[in-house]
Structures are given as C-alpha cells and as structure tokens.
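This report is meant to be read with the model open beside it. It begins with pairs of charged side chains and then turns to strands, a surface patch and the chain as a whole.

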Amino acid sequence: MGVPAGVVLLVACAPWYAPYYSTVLVWELRKLFAWLALPLLASGLIALAGTGRWLLRRARGREGGGSGEAAGVLGCLGVLVGLALAVWWLVYGAYLQDRGYMEATRVVTEPVPALAPRAPYLVGKAQAAPHLGDVTGEISDITYLPDSDRFSTLVERSGWLSGYEVGLVQEVPLGGTGRAQQRCSFDVDVADARVSGWFGHNLGRKISEQKRWVRFEAGDAYVTCSGDTPVVVVPLKRQTGFLVVTERPAGVALYDGRTGKVTITTETDAVPGPSYPLSLAARQREAVAAVGGFTDWWFERSGWDASEDGANEGNDSEFTLRYGDASGRSVYVTPLTPQGEASSVVAVATVPARHEGGGLAPLTVHRLDPTWSSPKAIIALIKAEYRDVCCYNDDRVFEVVPTGGTTWTATIGSEQDIRYRVEGRGQVAGREATCLKAADGTLIKCAFAAPGSPEEQELKRREEQAKGKPRAEPPDLGDLTAYTPGQLAELNRRISEEVNRRLKG
C-alpha cells in the first residue's frame, strides 16, 4: 500500500515542487477532459445501470448466465454510446468553443476608423540583421511597437543552456531618412532564461514559479529597451470553462534582462507595447465562423476567413496599427474574405492591442460597402497603373493593409528602402481614387482622382499654380569650351538628375 500512496502523494504535491510541469499537465488535461467528459459520463452511467441491475439480481438469488449476458450487453452498449457521443461532441464542442470566443464579437456596418500606415513587417525584419553588429545570436522574434512606431527584435544567445543576448529597437520610417536604433544587452550570467529554453533556462518555468496555471505563446513575446535594460514582455493567458474550455487574458509577465527577475502584473498601461495576446486575438477572429447556426458553421456557410492570396507574404492577418487620431491607441487589423473561393475583401476585423481585465477584448467586424478587391488584384493594378515606378530590380509591392473606411495602402520599394506608397479604395474596376505618393505621403500623381476627392483638389491646385507661374528662360551657360572637365562633369550630373526627376514625376 505504501507505493501507491507514495505515488498519489508525489502527484498531489507536484504544484509545490514542480509548478511548471504541473501547470502544463493541468492545462493539457483540462483541454482533453473537456472533449471526453460528456462521452465518458454517458458510457459510465450506462455501465453503472448495468452493474446495478446485476447486483440487484444477485442479491435476490436470481443471477445466472442471463444476468451476466445482460450486464455484458449493457457494457457494450455503453461503449458504443460513448464512442457515438465522443464523435458528436468533438464536432459540436468545437462549435460551442467558437461561440464562447464570440461572446465579445459584434458585426457592424460602421466604417473602419482611420488608421496610420507603417513600414511593412518584412521590411522591419530585413533591416534588423544589418543593425545587430557583432552579435552572434539568432533572431527569434520581430514585433511592431505601435506606441513608439518602431520594430523590436529579440536575439537568442547561441547554446542550449543560455538565454537572450540583446534586444534591438529600431525606427523604420515610411518617409525620411531617420534610422534611430537602440541596442540593450542582457546580463547573460544572471538573466539566462528564454522562451522554450532548456531546464532552468526556461522562461516559462520562471513565470510558473511566480503564477501558476497561466501559459503563453512564444510568438506573443517581444522585447523593449528601458534605457539600457532589456525587458521581455510576455502576454499571459488562462483557461476558463468546464465542458467548453476557452482562453482568456491574464496580464503580462515582465522579464528584466539585467537582474533576471520576473514580475507579473495586470496593470498594462505602463507596458510600452501590445498587452493583449496576439494569438488570442487570432483565435477570436477565427471563431467568427460561428456567427450563424451550427449547420452554417459545419458547412462553412457563415463567417469570414483571413485574406490569404499570397500578396501579404509573411504577414496576412493581425496587422498591428495605430489609430490615425492622437489617442495613441493601437489595434490588430485583419482583412476578411467570405468562406469559400471568393477573394474580395468584404469586411475588416479589429481587436484592441491593449486591454485590461480578465475578459476577452472586443472584436469588431466592420462590413465594407463597397467591398474592395483582393490584395493580389490590387498589386496587379498597381503594377499596371504605375509601371514607371514599379517594379524594377529588387523593388516590389509589400503589404496591402486597411487604413480606415474602405481605404487601403500598399507600400513599394525594397527591403532596405521604402520609396512609394499607393492609396486607394473600392474595387479595382471602380471609378475610385488610386494615387501614387512618396513614402512620406507627398502626392505625386493619381491614376484617377475621384471628383471632389482631396487628391483631385490637390492636383487642381498644382495645375493652377503651374499656370500662374511665368516661365523662366533657361540660363545662358556661355561658352562650354571654357569649362574645365570637372565643371562639365558636374553640369552633366545635375542635368541627368533633373531629367530623371521629371520622368518619375
């Protein structure tokens, strides 16, 4: 009896001596139990009824082969009913789980609030490596920080039993020449833990020691620099529910890169970046498939999918953007297409990137009217209408993201230099404005400026200004034979630059 009792005691005390492993075990078992509880309960009740009947017959002295056979039949029936319920519950339970994530979802016809454009995710990722200098580690994460309009990069130190090496926060502007950056180094002797690290170097283990029964996704973590101190921000999640288990936010964990200290907090206002788990926002967005009834959900006749036509390679959902006003708020934005083969963007989903409390953040689905074409069709339109600037050498069209109302913005350039952006709205075949602008937002030209639009007014103003300005006679360069070779070369360079500038304009 001592061995089983010791095993039970060992398991019962696991939360005290192994908080990390017990958290993982309880987390996974709770999800498994949610899928098997109902079938096991039904089969158990049938088996219990059969056992009770057999015991009753035996007590009356009438047990025999017939009673044993009846108990066996009931046992088999219980197994069959359990299997049938398991299959049914696997399907219907998934629908109920989606409905659980939809409790904070609303569908509106209001336009998307104005959103500020940013540099594409792939550009921020490509520009991180050249700025790391002599760092020998490997990049593990790239995250956009909307509060400061910068990209953060978390670099792992080489080796199994090691943590992070440095954090890099860099400015990647759409326009201008600013390239501000900040590197903050970890104390590798003290702060030697990282996400998915080995043994005592596992950051999840340190978080479980501070707060049990919470977990996180590796892709939700990011780094910020508080002066010279790197701080790893880890948005946390908890489980809720019994038969239908869903996840909810549970604050954030802050890992100090100098002292190795972990702090758990639900006061997320001071966190210099997103505090709501991006993976939870993505799960809420996926759950909109259950906006209709069960049969509509089963036959995929309701809800929306993220636009995945290959145009926004590497980042096609949950774009982290700032609102266009001065509120400083940020949001996860995803263009949505109907389920099926349709590729037109008919709605835009938004989830706040900051959220306090233990409930789900509100997810709003903005129905678009008119809808706009798929990102892939928009890229083809840009290449056709602005072939003089797109796309040569390494230039390409990057992300096509919603920027408010029914408008979209696409960026053009290379991974090291964003040169232009195209703004438009509506279907590509419609008579709506699509205008080419410099990376800093200066209007260059429009393929078609809608009557009364700001683009049309700006072009008219330029045209009137050009008409009212008297033409200046070209300067007399004099006798060119009197110029030195250096002066002629400089004159030729200036003429070439001016010709190129006018051809591009």
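In this predicted model, the side chains of Glu156 and Arg194 meet in a salt bridge, with N and O 3.9 Å apart. Glu156 belongs to strand 4 (residues 150-156), while Arg194 sits in the loop between strand 6 (181-185) and helix 6 (203-210), so the pair ties together parts that are 38 residues apart in sequence. Glu156 counts as partly exposed at 22% relative accessibility, whereas Arg194 is buried, with a relative accessible area of 9%.

A salt bridge also forms between Glu217 and Lys237, whose closest N and O atoms are 3.5 Å apart. Here Glu217 lies in the loop between strand 7 (214-215) and strand 8 (222-226) and Lys237 in strand 9 (residues 229-240), so this pair ties together parts that are 20 residues apart in sequence. Glu217 is partly exposed at 37%, and Lys237 counts as buried at 3% relative accessibility.

Within helix 3, Lys31 and Glu28 are three residues apart, which means that about one helical turn separates them. Their side chains meet in a salt bridge of 3.5 Å, N to O, and both residues also take part, with Arg215, in a network of salt bridges. Lys31 is partly exposed at 32% relative accessible area, as is Glu28 at 37%. A search of the whole structure finds 17 salt bridges, and the table lists some of them.

| Glu156 | Arg194 | 3.9 Å |

Together with Leu25, Leu29, Leu36 and Leu40, Leu32 makes a nonpolar surface patch of about 460 Å².

The next topic is strand 20 and its partners. Strand 20 is mostly covered, as five of its five residues are buried; Thr434, Leu436 and Ala438 lie on one side, and Cys435 and Lys437 on the other. Strand 19 (residues 417-425) runs antiparallel to strand 20 and is joined to it by five bridges, with Val422 standing opposite Leu436. Strand 21 (residues 443-448) likewise pairs with strand 20 in the antiparallel sense, over four bridges, and there Cys435 stands opposite Cys446. Strand 20 and strand 21 form a hairpin with four residues between them, and Gly441 in the turn has a positive phi of about 100°.

The side chain of Lys437 makes a polar contact of 2.9 Å with that of Glu423, and, leaving aside residues up to four places away in sequence, Lys437 touches residues including Tyr420, Arg421, Thr442 and Ile444.

Lys445, in strand 21, is partly exposed, with a relative accessible area of 24%. Beyond four places in sequence, Lys445 touches Tyr386, Asp388, Cys435 and Leu436.

Taken as a whole, the protein chain contains eleven helices and 21 strands, and 44% of its 505 residues count as buried. Among its contacts with a separation of 6 or more, 56% are between residues 24 or more positions apart. The chain exposes about 26,100 Å², of which carbon and sulfur atoms supply 56%.

Conventions. Residues numbered from 1 in each chain as written. Predicted model: local features only at pLDDT ≥ 70, side-chain atom pairs only at ≥ 80, totals over all residues. Heavy atoms only, no water. Helix = DSSP H or I, 4+ residues; strand = E, 2+ residues; numbered from the N terminus. Buried < 20%, exposed > 50% of the residue type's maximum accessible area, 1.4 Å probe, protein only. Contact = heavy atoms within 4.5 Å. Areas by Shrake-Rupley, 256 points an atom, 1.4 Å probe, with all protein chains shown as cover. Polar contact = N/O pair within 3.5 Å; in protein donor to acceptor, adjacent residues only side chain to side chain. Patch = residues over 30% accessible without salt bridge, like charges linked within 9 Å, V, L, I, M, F, W, Y side chains within 5 Å. Salt bridge = Lys/Arg side-chain N within 4 Å of Asp/Glu carboxyl O. Pairing = 2+ DSSP bridges.
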